[in-house]
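Morning, everyone. Please have the model open.

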Amino acid sequence: MTDSILMFLAEHTAVAALLKLVLLVLGFVMPLASLSTWAERRQSAMMQDRLGPNRANIGPVKLWGILHFVADAIKMMFKEDVVPAKVDRFLFALAPVMAIAPVLITFAVVPFGPDLCVGQVLSVVTDPTTCKATIPLQVARMDVGMLFYFALASLAVYGTTLAGWASYNKWSLLGGLRASSQMMSYEVCMGLSLMGAFLVYGSLEPNAIVTAQGSNILNWGIFTQPLAFVLFFTAAIAETKRAPFDLPEGEPELIGYFVEYSGMRFGIFFLAEFIETIFLAAIVTTVFLGGWQVPGLDSSGFGSFHLPHLAVVLLQVVVWSLKILLLCWLQLLIRWTLPRFRPDQLMRLGWKQLLPLSLLNIIITAAVVLWRSGGK
Amino acid sequence: MSTTTQSKTGMKKLAFGMPTPDEIASGGVHGLSTRPKVPPDLMSKLNAAELEEVEDIELPTEPMTINMGPSHPATHGTVRIVLTIDGETVRDSDVQVGYLHRCFEKEAEHATYTQVFPYTDRLNYVSPLLNNVGFALAVEKLIGIVDRLPERAQYIRVIVGEISRITDHLTCLGASAMEVGGFTPFLWMIKVREWLWELLEELTGARLTHSYVRIGGVSQDLPEHFIDKLRATLHKSTSVLTECESLLVKNRIFRDRMDGVAAISAEDAIGLGWTGPCLRSTGVPYDVRKDHPYLVYDRFEFDVPVGSVGDNYDRFAVRLEEIRQSMRILDQAMTQIPAGPVLLDDPRVAMPAKNAVYNTIESMIGHFKLIIDGIKVPAGEVYSYTEGGNGELGFYIVSDGTGRPYRCHVRSPSFIATQSMSKLILGAGIADIIPTFGMINMIGGECDR
Amino acid sequence: MSTHHAPSSHEASSSTGKARGKVGVRVVGRPDSLEQRVYLPEVIRGLGVTAKHFFANLFSRKYTVTVQYPEEKVKYPDRNRGLHRLMLRDDGQVRCVACMLCPTVCPAHCITIVPEETGNKNEKRPRIFEIDELRCVVCGLCVEACPCDAIRMDSGVHAPAVDFRGDAIQTKIDMLKRGTSSVATQGGVGHEWRQKQPSVKQYDPPK
Amino acid sequence: MSKADLDKLVAQFPQAIVSSHSNHGDDTAVVTATALKDVMRYLRDSAGFDFLVSVTAVDYFGREPRFEVVYHLRSMATGNRLRIKAPVHEEEGGPSAEVATVCDLWPTANWQEREVYDMFGIKFTDHPDLRRILMYEEFVGHPLRKDYPKEQRQPLIRRDYSLS
Amino acid sequence: MAESYTTRLDDALNWARKYSLFTYPFVTACCGMEYMATAGSKYDIARFGAEFPRFSPRQADLLFVVGTITERQAPVLHRIWMQMAEPKYVIAFGVCASTGGFYQNYNTVPGCDQVVPVDVYIPGCPPRPEQVLDGLILLQKKIAEATTWVQRRDRKEVELAAQSTDGRKRLPVVA
């Protein structure tokens, strides 16, 4: 029964992709994004020696304050949706969608697990290439995966810029301008810093990069490309517009490009930011932390300790989630520790410091790759 | 650039969809009619090189007038800054204060000298006890009892004043840290402030608006174990301060935000009437506590921290160091404090003891006279100055011999410092306004009075 | 931080008699090292400090200072100025003799007293004694001014938040409920009243 | 601070100084409003009083001249202080109804003089930007004058929410 | 039947609104120091889900009027209240915001309820954080009991009229 369903899915990739997308987005990303709003509140509270939200209750159930984000969501949905006079109504409505859609779409290229061998889920699989049919645990596997990501990520900038422009508010316009200049500048650096990893692993396809990293932890991107890891992580945080790069928002300065948005439209911007952090964590995991790879775990199990295929896959998916959680935690830690940059300093950092460094990284990587391949 | 100039220079090459200069001038384009007009005198403010640059560019940029405040998250008090910006560069600004004008001076004319104390609490509401002390010293100077103040009262005034100074600087530093994005150090500093407030509450009965000092001394003696608790609290606070320092002073991002921003020379600062930490940041070691030692400040050893550049970082570091120096003063004051009365024993200024009021008719009559008529202060005028949280806090009091001040003027350091904001932020970015404003530490109550 | 003592030019004597002391000047440092210049080491150190707080608070609440207010309460110090209360005589009558000192001294004019005759021609008593807590600035001058220990603010409770402006008015009855008898013929039991009168009605905040 | 400075000033401007005293240790010189600018310039440039501490005014209602503008000066070098007072009449056009600004000598006087103008209605000639500072433009009258009632409000908006 | 559904929905909504109060701190004066203290680590207003200060009135639910409102400030406050999206609540924080306190003079508004409708008044000058939290709990209680915003306003006036005869002194309700 299970096998036939899996077989059906392996054959009808479109259905499978839809299913995976639903699973990934509704089952993982959205809950995690909502939870991370809670985590942010609780974690920042812990860092600041306080307790954070803990009082919302349904009857005796309090769940350490998790219910607060439920309350936030319900409240926002039913809050009055103010559309100020003189705004460009179409763009004003379009902007939140433009902000959230690209980030959700880009999850399509993120591999969240190895290929599932259809028909052998309960037995030990030593060589996954011998499977007769596989379901990749990745929504869309395309050769230009990372380029796809960059293309879509650069679309996200329209959301913020449009929001700033359409709001008919000078502060939001300034915020939108800051956002567009910041995101465009840092995209360059992001792309270039990943170039080294592409050279090392010889592919643009995320799953191929993960597979190439293998279960040997020393072969992971963070060790083969340590400089690129720091550069990419920095640039990508800048791309998510979170502190210390939250200039478009810059709470005490500009208040943000979404200053005129209320209710759920604001909620979407709010959520998009958190989804972006998760997505950033997913990309960093894929390229630098071995994706779904578990140290020492091959497709047959830990060395001579064999595990059924399903257990291996599950373990890998769980470890993948844990890596993402860790990175989200790290981002929150950074967000609540560091002060904010100034726009000109941000540009200086991006163009004059990160960009040359990432070029240097490419040159060094290329030289090493050339040397190791014996000049062939 | 004014719109007329645009059409004169004949810039035809406009991007698609951009309004033409004529349209801008007539306001005919949809959505542009409410655009603020460029201040006509802006052209005269640009120098020749900038003017050329403006005329050379292909796409015309229009300076934008934008309102910062009066309800803006970064303005400590309430202030409105009308900015003319070009991109994010401030070309011109008009700082408007007065949103918190609560008429202290008028209220003081209608209150007895004792009733003024609650009002002084709310002048610089971050360090109320320093204002209390300043006002009390002014009235005492006018009555002529400054030299007869009980020694213990003088020490207590020093102690509470320095605690207040610490809380003032903590709030200022914490708030500026928050405004550049460091929310965590802000809350840690507020935590320390909370410890100090708890101590002050034990002593005075209120957390923030203490109304503790009285003419001729202070209203209550130190409670039991106050000194020990203060010692312990200061000890705890030091470690938190060190942590905050490691997050801010040594952090490159924070330094980038503060270093070299809004620097000012000592001459300019003196011309602008700066005092306190702001003046000291420019390297002038002027501190009223050293310059004109009131109370018992001449008995303590402490240094006056000064800066070298006069930028925001110096103002930050001077305040941070002043917290340490205040702790040093507190240490010495706690060991030196003698026993004795805390209120001058003079029926003309000090209320009689409660027991005496309850049981003797003379005290009862004196009590009634003091409450209903107030303290009779001899006619005359006096200017007395102390070191407040933000600088020289002066009270100019004119008395006509009755129990109420005829005129009570406050020389408020923040008011005087705030007027230099326009000068400081000229040419800076919008992002620089916030730390600059934070380090000027404009406190609405004191600035607008 | 480097310290140097600048040559003091401030040695003239002031007219108040106290000599202007030599100014010990300390130039604040501008720490600047390579480590700081490259951002990363200090950033990581900063993260370490906050992470330390995070884990310490997560596992042992080591630094956490939060008081969960409606459930946990901090005891206010004895001198705390809270809600007003009117003290009682031995016979349970209000001590106030309507001498009008407290309305006179109150800078906010929040006290209303309407006196009435008691039958004893030497003194009066308040028929209405009301304090508008929404006007009271908690300065404590009324307590200081009271010549017969009738009004105090040491009830140890704070004024409750209200949703009608009128609810904030404390009437004579309200304040008498919180009052205790003053055992002295004129004075009071002093600041230890709390120990002697444990059964003070505590304000119960809304849950 | 230092009586010598005051004596020197009196000797320098015998006509301009109306009176002087040193009560409570505050050296004070009363200067005619017309001569104020010269005295201030001399004090700043020649006598070393380079720091203008504060500018304020007092309304002696019922007395002629009605107002007194009060300046406090300090010397950064010696720490000496000096108070200069200039009597000002109320009526416009009368003798010394206005007083010259000292903004050009000390930039700090700018806002303080605006405040005096706002609160007392005393005009400062040649002031670059004499507007109200603490009160709003629509405000009529000068609140710190003794004849302005303390509680006379001049609201800017209608208040119709008192019901709730 | 339909009514019971709407009641359930209202309950859920009110529950959500109660625990998700984004505040707009209209901080003008001294009370701001106690506002900081309330938001600070010791009292931690975040426990009630009210820690997000949204400095855009569009996104705020709760307007904290913290400190003295002067005549010059009153139009600003009114405008900010107008910009807020429904449902919106107002807390007058401290005596200056509630009644003007001891500032009874030419430039202070005697209570911000002359400019915006106020739901909860917090006494104290400035209020202790405990008092602020009391006020917040009271507001939460009011939100939980309310059916809709408009009905709540009406009910308040009815109650006010009914209670004005119970012998206790009431402030005049008409300006």
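**Interfaces and cores**

Chain C and chain B bury about 5000 Å² between them, with carbon and sulfur atoms giving 54% of that area. Buried area here is the accessible area, with a 1.4 Å probe, that two parts lose on being put together, summed over both.

Ground rules, quickly. This is a predicted model: local features need pLDDT of at least 70, side-chain atom pairs count only at pLDDT 80 or more, and totals for chains, interfaces and linings use all residues. Residues are numbered from 1 along each chain as its sequence is written, chains are lettered from A and ligands numbered from 1 in the order in which they are written, and side-chain values use heavy atoms, with hydrogens and water left out.

Back to C and B. Contact, meaning heavy atoms within 4.5 Å, links 53 residues of chain C with 70 residues of chain B. The rule finds four salt bridges across this interface; a salt bridge is a side-chain nitrogen of Lys or Arg within 4 Å of a carboxyl oxygen of Asp or Glu. C:R26 and B:D303 meet in a salt bridge at 3.4 Å, N to O. Which element of chain C gives the most to the side touching chain B? It is α2(C), with six residues. Helices are DSSP runs of H or I, at least four residues; strands are runs of E, at least two; both are numbered from the N terminus.

Now chain C against chain A. They bury about 1600 Å², 67% of it on carbon and sulfur atoms. C:Y39, C:L47 and C:F54 supply 35% of the area that chain C buries there, more than any other three residues. The contact takes 20 residues from chain C and 18 from chain A. The rule finds one salt bridge. C:E71 and A:R55 meet in a salt bridge at 3.1 Å, N to O.

Chain B next. It has 21 helices and nine strands.

Last, the cores. A nonpolar core is a set of buried Ala, Val, Leu, Ile, Met, Phe, Trp, Tyr and Cys residues joined through side-chain atoms within 4.5 Å. The largest has 235 residues, and D:Y71 and D:I84 touch the most other members. Helix α9 of chain B, residues 183–204, gives the most to this core: twelve residues. Another core, of 103 residues, lies apart from it and includes A:L24 and A:F232.

Methods
Buried means under 20% relative accessible area, exposed over 50%, partly exposed in between (1.4 Å probe, protein chains only).
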